[in-house]
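Hi everyone, thanks for coming. Today I'd like to walk you through the aromatic side chains in a structure that may be new to you. Let's get it up on the screen.

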Amino acid sequence: RHMLLVKAYTNFREKKFTECKYLIENFILNNFSKDYIYLYSLFYYSLSCYFEGDLDNSYYTLKYILFKNPYWEKMNEVYYWLSVISFEKNNYEKAIRYLNLKNSEPKFKKLKKFYLEKLNDIDIFIELINQFPHDNDIIKSFAKFLINNKNLDLKNGFLKKIIKKYKIPIK
């Protein structure tokens, strides 16, 4: 049974995601054990789905891992990938909630900064500020967004309040 997983992992490293998924599916179907090997197999299945563009299967497999064993040794990786998928599906609020669970890790901070700097939707920014009013990363990214978008009506009541509250230097 372990040789099947070794082969699946080799396929994963070689970016043969379809083959990896197939081998893991066979492993899961023939292995009712719920040990750590089972969780690892699900994790690599999820990543294979992700790299093939199947975000939904990847996401739900990761959520299943979280449900089965929230204390698994690779849970940081599970939260990381749940965040990535949530960002890519434009669910910034959910992504940030996952990231905030492991807020102190540099990898998580870097991911958050990367996606916030790419964000160019004022409505999402406003929703994030409402949900996370003390999150300095969101405030800083929103400030950069405002400074770089000259087309916005900064006299809008709500925007004006945010600019004043967070002392965003707009001229």
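**Aromatic rings and their neighbours**

So, let's start with a group of rings: Tyr9, Phe12, Phe17, Tyr40, Phe43, Tyr44, Tyr50, Phe51, Trp72, Tyr80, Trp81 and Phe108 together make up one aromatic cluster. Keep in mind that what you're looking at is a predicted model.

How many aromatic pairs are there? The count is 21. Take Phe43 and Tyr44 as one of them: the ring centres are 5.5 Å apart and the planes sit at 80°, and since anything over 60 degrees counts as edge-to-face, that's what this pair is. Are these two buried or exposed? Phe43 is buried, with a relative accessible area of 5%, while Tyr44 is partly exposed, at 21%.

Now look over at Tyr80 and Phe108. Their ring centres lie 5.8 Å apart with the planes at 80°, so this pair is edge-to-face. It also ties together distant parts of the chain: Tyr80 is in helix H5, residues 75-88, and Phe108 is in helix H7, residues 106-118, which puts the two 28 residues apart. Both Tyr80 and Phe108 are buried.

Okay, on to charges. Which lysine lies over the face of Tyr80? That's Lys107, at 4.5 Å from the ring centre. So Tyr80 has Phe108 as its edge-to-face partner and Lys107 over its face. There's another lysine to point out: Lys89 has its charged end over the ring of Tyr59, 6.0 Å from the centre of that ring.

Notes. Residues are numbered from 1 along each chain as its sequence is written. This is a predicted model: local features need pLDDT of at least 70, side-chain atom pairs count only at pLDDT 80 or more; totals for chains, interfaces and linings use all residues. Side-chain values use heavy atoms; hydrogens and water are left out. Rings of Phe, Tyr and Trp (its six-membered ring) pair if their centres lie within 6.5 Å; planes under 30 degrees apart count as stacked, over 60 as edge-to-face and the rest as tilted. Buried means under 20% relative accessible area, exposed over 50%, partly exposed in between (1.4 Å probe, protein chains only). Helices (H or I, at least four residues) and strands (E, at least two) are DSSP runs, numbered from the N terminus. A charge sits over a ring if NZ of Lys or CZ of Arg is within 6 Å of the ring centre and within 35 degrees of the ring normal.
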